[in-house]
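Subject: Structure handover

Hello,

I am passing a structure on to you, and it is shown just below. My notes on what was found in it follow.

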Amino acid sequence: MKISLGKWLLPVYSALALIFLMVPIVYTFIFSFNDSLKSNVAWRGFTLDKWLNVCTVQNGAVCQAFGNSLVIGAVATVFATVLGTMIAIAIVRYRFRFRTQTNLLLFLPMATPEVVLGAGLAAQFLALGVPKSMTTIILAHTMFCISFVVVTVKARVSSLDPALEEAGRDLYGSPTQVFLRVTFPLLLPGILAAALLSFALSFDDFIITNFNSGSVTTFPKYIYISAARGIPAEANVIASAVFIFALVIVVTAQVSKAAREKRLARQN
Amino acid sequence: MAIGTFAESGADLELVGIQKRFPGFTAIENLDLTIPAGSFFALLGPSGCGKTTTLRLVAGLEDPTTGRILIGGQDVTSQKPYQRPVNTVFQSYALFPHMTVLENVAFGLRRRKIGDPVAKAHEALRLVELDHLASRRPIQLSGGQQQRVALARALVNRPALLLLDEPLGALDLKLRRQMQLELKTIQEEVGLTFLHVTHDQEEAMTMADTVAVMNKGQIEQMGPPQQLYELPKTAFVANFLGQSNLFTGSVVGNTSTSIAVDIAGTRMVVPTSRAHRHAGEITIGVRPEKLSLHTEAPPVDSGRNLLGPGRVVDVSFSGVSTQYLVDVPGCGTIVVFAQNMAFGPVAHEGAEVWVSWNIDHGFGLDDDPADAPRFEADTDTQSIAAHRRDALLTELEEV
Amino acid sequence: MAFAAFTTNAAPVEPTQRRKSPIALFLLLPGMLYLVLFFLTPLVSLLLTSFQTPLVNGDVGQFSYAFQWENYVQVVTDYWPHILRSFGYALVATVLALAFSYPLAYFIGVKARKWPLMQSLMLVLVIAPFFISFLLRTLAWKQLLSDESFVITSLKALSLMAPDAHFTGTPAAVIFGLTYNFIPFMTLPLYSTLERLDVRYLEAGNDLYASPFQVFRKVTIPLSMPGIVAGTLLTFIPAAGDYINASRDFLGGPDTQMVGNVIEANFLVLLNYPAAAALSIILMSVILVIVTIYVKRAGTEELL
């Protein structure tokens with residue numbers, strides 16, 4: 001969109017927009033260094049204390065919540081990734097009846113508001129007399145992650161040249177061998193991306209967890225509960241640490257991919 | 001043929017009564033084919049004729065609806081691809097992107113648990129002169145190099161039968177010519193049976209010992225390239241391999257050696273040995289390069305057929321030769337290829353010319369003319385434009 | 001839809017005939033059964049719960065199965081302001097998010113194509129907020145826009161705001177929060193579509209005497225419609241059901257309660273399960289209507 005105001009309008013806007021997006025993150029990060037007591041609202045002074053002593057006895061609750069979130073995320077990710085990958089392969093490669101219904105059933109969890117998902121599962125557990133625990137949380141998280149895994153892996157499977165697997169069969173590979181040595185290695189990047197996405201969704205989930213967790217606290221739930229009283233700076237520390245970790249991984253992946261492509265282009 | 005050992009030489013391939021139906025259409029109607037061991041066989045045809053399907057049936061990547069496939073006398077119809085002594089060079093090469101070139105070539109050997117796969121893989125790469133790139137990834141290679149790796153990957157397994165699915169399609173002209181010669185040399189050296197599928201008739205004729213022309217799921221004609229070209233059996237073959245001038249008429253005379261046909265008033269003669277049908281309505285033809293163009297009425301020669309006078313409608317220069325379109329009343333438009341022995345065309349547009357050819361160069365088709373079109377309708381834009389121009393000029397002249 | 005932006009840049013290969021095989025069933029069944037068990041059945045459960053009636057002589061929170069459709073009438077009567085408010089806020093937030101995200105997505109997806117590394121890094125910045133818990137993000141804004149914050153005090157000092165006005169606790173704050181939190185959901189699908197936009201169409205438009213604005217209106221917008229629709233759906237639907245932003249502990253106040261807050265309150269606090277369920281079904285039905293319209297036009301293959 002060329003506006004005669006100059007070609008700088010769009011880049012400047014974009015820069016400002018991106019800065020705007022970063023504001024709360026920077027705020028959270030800064031306040032992780034706040035020498036706060038119970039509530040982390042007013043700035044009292046700079047300290048590295050919170051970073052160095054994240055998990056003390058007094059702050060056990062935060063760390064426990066964080067630990068719970070990690071465990072739940074890991075388990076739910078494994079289940080969702082396995083189930084979702086299987087579905088994705090079936091959808092792209094095979095003919096079967098009720099394809100429309102399958103697509104719809106996979107799409108709906110992504111379109112349903114979290115309140116409805118959470119309330120529904122909670123009502124179900126209630127009706128069955130199942131007490132809420134880590135297990136119910138994991139079951140819930142697996143459920144809404146499957147669809148996202150399917151979308152991600154499906155894209156990867158679609159871009160896989162079927163001739164490669166045919167070559168594998170032509171070159172004396174039994175079906176198992178073709179899957180292990182040709183199909184799976186080529187799908188792996190997509191599966192990893194799906195697993196990462198699934199973990200991120202599970203880790204950050206609050207609403208569904210809130211309905212289905214009973215007394216178990218996850219990291220987001222802890223934040224919600226303590227929002228009224230005051231969130232300790234340790235929560236900021238953990239959140240910032242997670243943020244930096246995730247950012248480093250993603251940026252490294254992008255940079256190395258760009259470097260590799262540049263190297264290949266030069267070679268040819 | 002045990003999979004654990006290498007084939008000593010190529011094996012026969014036999015397809016018996018093959019039919020392949022897909023939901024919605026039939027790819028192969030009724031195919032019977034025998035390919036002798038050690039030969040270079042080309043399956044030639046336009047897109048959708050069923051040649052790639054045939055290849056995939058032999059490889060085991062598809063199952064025939066009915067029929068049997070025998071390799072070296074053994075029925076392999078029910079065998080899976082990894083059980084057959086057959087390897088394929090795919091059109092897209094299908095090199096595994098996540099493995100090195102060496103690993104790609106060694107893949108089949110490892111699956112069959114052949115001893116010392118690495119050494120054998122290097123040997124195969126040396127055969128295609130790419131051993132120095134053994135540790136590269138496929139994506140780092142050029143198209144021609146990838147093609148050669150695909151070939152090495154298939155050859156290293158010493159299959160009884162090697163299938164090539166239009167492997168040279170993605171290469172530029174010069175590289176393609178080079179690879180055609182290389183493939184032929186390798187085949188003769190190693191002595192394997194090659195089945196090459198292509199739509200490029202020049203490629204088929206250059207490389208193959210035997211060519212089969214396929215159309216709509218059936219083989220129209222099979223034989224040595226030269227025989228197919230000089231003695232086509234059907235109008236499809238006559239027009240798919242090179243170009244032909246075809247004429248339809250009724251037989252008006254028979255001698256022991258030749259048949260006379262009446263084409264719109266002109267009498268044309270065709271040797272009996274070169275005609276499939278000897279009575280009734282038949283279609284005869286002659287190749288454009290066998291025709292001579294005359295600017296004056298030539299003397300009558302009993303050994304030559306003569307058409308004319310006609311008018312040159314179009315002259316098209318293409319380096320080695322010039323193509324003339326000559327309109328002869330009652331016979332349609334005739335295509336003449338003349339080698340450019342001197343500079344400049346023999347006749348210009350609008351000139352009055354005669355066309356003649358040696359009787360022995362004509363051929364008679366096996367088609368029933370009632371099925372085949374009477375005159376080959378020339379629908380390429382060039383001749384349509386030429387005719388139109390001619391019509392306009394005539395119109396203007398009449399005003 | 002949206003997440004395809006991050007998975008692969010490879011174009012999908014022409015699918016060969018899909019095979020028919022019993023393996024398909026083996027691959028599909030575990031996952032699909034799981035979804036039937038943990039997604040469909042709960043929805044049915046919710047439906048049944050919405051018709052329940054209080055247990056005779058029972059405690060709070062004890063219900064029995066019935067067909068008390070009056071529940072629906074009750075919740076609509078009690079909570080129609082919340083329902084309307086939810087869709088209203090969600091709509092405004094969606095429009096604002098679209099206006100905010102489109103130029104950004106256009107810049108990253110069209111103008112920045114010459115620098116793929118920068119494209120990737122900018123996209124990382126767009127999704128970076130996902131890496132910080134969205135509760136913390138919303139809380140950060142609450143602090144930043146509270147009455148004592150630098151921003152608000154400055155605005156008041158510059159007389160751009162009345163001395164006794166607040167920002168937090170007002171509908172504006174809730175909408176602001178919703179918009180902010182869903183910007184990535186809007187940007188990614190837009191980027192995905194704009195990234196594939198062939199600029200030669202724009203050049204053709206220019207060549208055919210269209211002004212830049214006309215090119216934008218008649219060529220760019222229609223061609224980016226799939227992204228706009230996807231982004232709108234992905235923003236509006238979760239926004240309508242959100243309750244964090246509107247919660248009093250975050251950016252909301254007593255008059256900004258949305259349907260989500262009410263459902264949460266009824267379910268977890270008041271233990272009035274039928275009411276919560278009825279509201280959820282109402283919310284879900286509106287969403288389903290929207291999705292059905294979308295599916296009717298575009299088919300189900302595009303959904304995933």
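The domain assignment of chain B gives domain 1 (13-230) and domain 2 (237-398); such bounds come from an automatic or database domain assignment. Please keep in mind that this is a predicted model, in which local features need pLDDT of at least 70 and side-chain atom pairs count only at pLDDT 80 or more, while totals for chains, interfaces and linings use all residues. Residues are numbered from 1 along each chain as its sequence is written, and chains are lettered from A and ligands numbered from 1 in the order in which they are written.

Domains of chain B

The C-alpha centres of domain 1 and domain 2 of chain B are 39 Å apart. Seven residues from domain 1 of chain B and four residues from domain 2 of chain B make up their contact; two residues are in contact if their C-beta atoms, placed from the backbone, lie within 7 Å. On the domain 1 side, β10 (218-223) and α7 (225-230) of chain B are the elements that give two or more residues. Helices (H or I, at least four residues) and strands (E, at least two) are DSSP runs, numbered from the N terminus. The residues of that domain 1 side divide into four nonpolar, two polar and one charged. Here Ala, Val, Leu, Ile, Met, Phe, Trp, Tyr, Cys and Pro count as nonpolar, Asp, Glu, Lys and Arg as charged, and the others, Gly among them, as polar.

Chain B as a whole

Chain B has nine helices and 20 strands. Its C-alpha atoms fill a box of roughly 80 × 45 × 40 Å, taken along the principal axes. Of its 399 residues, 40% count as buried. A residue is buried if 20 or more other C-beta atoms lie within 10 Å of its own, exposed if 12 or fewer, and partly exposed in between, with C-beta atoms placed from the backbone. Among the contacts in chain B with a separation of 6 or more, 66% come from residues 24 or more positions apart.

Two sheets in chain B

One open sheet has five strands in the order β13-β12-β11-β14-β20 (chain B), with antiparallel pairing. Two strands pair if DSSP finds at least two bridges between them. The edge strands of this sheet are β13 (266-271) and β20 (363-364) of chain B, and each pairs on one side only. Within the sheet, β11 (residues 245-254) and β14 (residues 281-286) of chain B pair in the antiparallel sense over six bridges. Gly249(B) has Ile282(B) in β14(B) as its bridge partner.

Leu293(B) stands opposite Val355(B) in β19(B).

A loop residue in chain B

Leu168(B) sits in the loop between β7 (161-165) and α5 (173-190) of chain B. Leu168(B) is buried because 24 other C-beta atoms lie within 10 Å. Not counting residues up to four places away in sequence, Leu168(B) touches Arg176(B), Met179(B), Gln180(B) and Glu203(B). The C-alpha atoms of Leu168(B) and Arg158(B), 10 residues apart along the chain, are separated by 21 Å.

How the chains meet

Two pairs of chains are in contact, and of these chains A and C share the most contacts. No contact joins chain B and chain C, whose closest C-alpha atoms lie 9 Å apart. Between chains B and A, 18 residues of chain B are in contact with 17 residues of chain A. On the chain B side, β6 (86-89) and α2 (101-111) are the elements that give two or more residues, and α2(B) gives the most, with three residues. The residues of that side divide into 10 nonpolar, six polar and two charged.

Regards
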